[in-house]
Amino acid sequence: MARPAPSMFVPLDVNYMRDPRIRRAGPDAELLYIRALAYAKGGETDGFVHDYDIDVIAVGLSKPLARVAALVREGAWSEQEGGWFITGWFNWNQSTTSLRDKKRRQAEGAAKTNHKKHLNNGVDFIRDCPVCLGDVEPA
Ligand SMILES: [Zn+2]
């Protein structure tokens with residue numbers, strides 16, 4: 001079975017259970033925190049939790065806004081216009097922009113390599129080659 005792409009995972013500090021902010025916020029807030037990590041990564045929100053999504057993220061939890069308040073009180077989340085920010089997000093995650101740049105550079109590198117190969121094989125043009133199409137600068 002193929003491994004899912006790295007974009008399908010979010011880092012979770014193995015010591016997070018010992019983080020006083022998480023312990024003081026309580027177990028329901030902890031669950032909300034963990035779910036929000038997956039939400040932010042999956043939605044490429046750069047650590048932002050939109051207020052209009054909180055009911056979906058907190059489904060099954062009682063008093064979601066009290067859990068949010070506990071996370072804010074402990075500094076695990078901060079209040080922002082339109083929602084909350086997971087304060088440690090960028091300690092563990094690259095920005096969506098830099099991840100996209102990295103992906104684009106890797107794709108361009110692969111296109112240049114493939115372009116060189118087909119030129120070396122005497123094929124001057126391939127219609128789905130991004131370098132032949134002018135979408136990627138030749139190396
Ligand atoms: Zn080409």
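**Helix packing and a zinc site in a predicted model**

Trainee: At what angle do helix α2 and helix α4 pack?

Mentor: This is a predicted model. Helix α2 covers residues 27-42 and helix α4 covers residues 64-74. Their axes lie 9 Å apart. The packing angle is about 85 degrees.

Trainee: Is α2 roughly parallel or roughly perpendicular to α4?

Mentor: Take the angle of about 85 degrees. Angles of 65 to 115 degrees count as roughly perpendicular. The angle falls in that range, so α2 is roughly perpendicular to α4.

Trainee: How many residues of the contact of α2 with α4 are nonpolar?

Mentor: From α2 come Asp 28, Ala 29, Leu 32 and Tyr 33. They meet Pro 64, Arg 67, Val 68, Ala 70 and Leu 71 in α4. Two of the contact residues are charged and none is polar. The nonpolar count is seven.

Trainee: How far apart in space are Leu 71 and Arg 21?

Mentor: In sequence, 50 residues separate Leu 71 and Arg 21. In space, C-alpha to C-alpha, the separation is 7.5 Å.

Trainee: Which residues coordinate the zinc ion?

Mentor: The donors follow the spacing H-x2-H-x10-C-x2-C along the chain. Distances to the zinc ion run from 2.0 to 2.2 Å. The coordinating residues, with their atoms, are His 115 (ND1), His 118 (NE2), Cys 129 (SG) and Cys 132 (SG).

Trainee: What is the geometry of the zinc ion site?

Mentor: The site has four donor atoms, with angles of 103 to 115 degrees among them. Four donors count as tetrahedral if all angles lie between 85 and 135 degrees. The site is tetrahedral.

Trainee: Is His 118 buried or exposed?

Mentor: The relative accessible area of His 118 is 7%. The cut-off for buried is under 20%, so His 118 is buried.

Trainee: Which residues does Asn 93 touch, not counting residues up to four places away in sequence?

Mentor: Asn 93 lies in the loop between α5 (89-92) and α6 (96-120). Asn 93 is buried, at 9% relative accessible area. Its contacts, on that count, are Val 10, Pro 11 and Lys 41.

Key: Residues numbered from 1 in each chain as written. Predicted model: local features only at pLDDT ≥ 70, side-chain atom pairs only at ≥ 80, totals over all residues. Heavy atoms only, no water. Helix = DSSP H or I, 4+ residues; strand = E, 2+ residues; numbered from the N terminus. Buried < 20%, exposed > 50% of the residue type's maximum accessible area, 1.4 Å probe, protein only. Contact = heavy atoms within 4.5 Å. Axes fitted to C-alpha atoms, helices over the stretch in contact; angles between N-to-C directions. Parallel < 35°, antiparallel > 145°, perpendicular 65-115°, else oblique. Nonpolar A, V, L, I, M, F, W, Y, C, P; charged D, E, K, R; others polar. Donors = N, O, S within 2.8 Å, 3.2 Å for Na, K, Ca; no water. Tetrahedral: all angles 85-135°; square planar, octahedral: opposite > 155°, others 65-115°.
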